[in-house]
Amino acid sequence: MTMDLFAATGEMAALPEILVPGAMVLRGHATADTAAVLAALDGVFAAAPFRHMVTPGGCRMSVAMTNCGAYGWITDKTGYRYDRIDPESGRDWPPMPSPLLRLATRAAAQAGYGGFVPDACLINRYVPGTRLSLHQDKDEMDFTAPIVSVSLGLPATFLFGGMRRVDAAQRVPLWHGDVVVWGGPARLRYHGVLPLKAGSHVLLGEQRINLTFRKAT
Ligand code: SIN
Ligand code: FE2
């Protein structure tokens, strides 16, 4: 157990911070992957640029989104779903770059979810003022796989709530390189992000990028 904590970066890694049973923060787990991940993301953004999707209720989302992997999460007037095709390009989503896949599988294993092979990575871009209201990740077919969420760029306050929208939510500060994993009894917990505060990150500038890895099918 203790040995694994040193394996990811070769340095001393922090102990997981347990939010509730099944959910934890792996502080700095992705920090050493930053260069490889950002380089890979350049290719993804070129093939599938960020866009503001529309909710079934007709509201434009303030978070800009794109995807990589076999499936992409989309929303439009007809609903929320996963699709193999990017509706903007009419082509497949760009494949999930191996540095992203490796990071997600490694983080899940570190959190106790061995054998996680995501087929979808939703990429969210927040600029100052952008927020994501409380929601459950429930468009996937199989809830036995966890969610792995990687924070890059500006810090944010993550809300981690209960099984009902009205349940009190923990406020969890997340910094560049932090990874949140939730699964098992925590898989359907409500979560969201408070409005991003203004600032500038040394590598990413005035934005926060979040990668959410899921097993959609
Ligand atoms: C999400 O729930 O899709 C994203 C969470 C985050 O940006 O940290
Ligand atoms: Fe989510």
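**Chat about an iron site, a helix and a sheet**

Trainee: Is His-191 buried or exposed?

Mentor: His-191 counts as buried because its relative accessibility is 5% (buried is under 20% relative accessible area, exposed over 50% and partly exposed in between, with a 1.4 Å probe and protein chains only). Please keep in mind that this is a predicted model, where local features need pLDDT of at least 70, side-chain atom pairs count only at pLDDT 80 or more, and totals for chains, interfaces and linings use all residues. Residues are numbered from 1 along each chain as its sequence is written, chains are lettered from A and ligands numbered from 1 in the order written, and side-chain values use heavy atoms, leaving out hydrogens and water.

Trainee: OK, and which residues are the protein donors of the iron ion?

Mentor: The iron ion (ligand 2) has His-135 and His-191, each through NE2, and Asp-137, through OD, as its protein donors, and they lie 2.1 to 2.2 Å from it. Donors are N, O and S atoms within 2.8 Å of the metal (3.2 Å for Na, K and Ca), and since water is not among the atoms, sites may look incomplete.

Trainee: How are those donor residues spaced in sequence?

Mentor: The spacing for the iron ion (ligand 2) reads H-x1-D-x53-H. His-135 sits in strand E7 (residues 132-135) while His-191 sits in strand E12 (residues 191-193), so this pair ties together parts that are 56 residues apart in sequence. Strands (E, at least two residues) and helices (H or I, at least four) are DSSP runs numbered from the N terminus.

Trainee: And what about His-135, how accessible is it?

Mentor: His-135 has 21% relative accessibility, and so counts as partly exposed, whereas His-191, at 5%, counts as buried.

Trainee: Switching to helix H3, what span should it have?

Mentor: Helix H3 covers residues 98-110, and its 13 residues at 1.5 Å a residue should span 18 Å, which agrees with its end C-alpha atoms being 18 Å apart; the expected span is 1.5 Å times one less than the number of residues.

Trainee: Which residues of H3 are buried?

Mentor: They are Pro-99, Leu-100, Leu-103, Ala-104, Ala-107 and Ala-108. Seen down the axis of H3, these buried residues fall within an arc of 160 degrees (taken from the directions from the helix axis to the C-beta atoms), so they line one face of the helix.

Trainee: What comes just after H3?

Mentor: Gly-112 follows there, with a positive phi of about 100 degrees, and Gly-114 lies in the loop between H3 and E6.

Trainee: What order do the strands of the open sheet have?

Mentor: The 7 strands run in the order E1-E2-E11-E8-E13-E6-E3, with antiparallel pairing (two strands pair if DSSP finds at least two bridges between them). The edge strands, E1 (17-20) and E3 (64-68), each pair on one side only.

Trainee: Why is E6 called largely enclosed?

Mentor: In strand E6 (residues 120-126), 6 of the 7 residues are buried, so the rest of the structure largely encloses it. E6 is joined to E3 by 5 bridges and to E13 by 7, antiparallel in the latter case too. Asn-124 of E6 is the bridge partner of Met-65, and the partner of Asn-124 in E13 is Asn-210.
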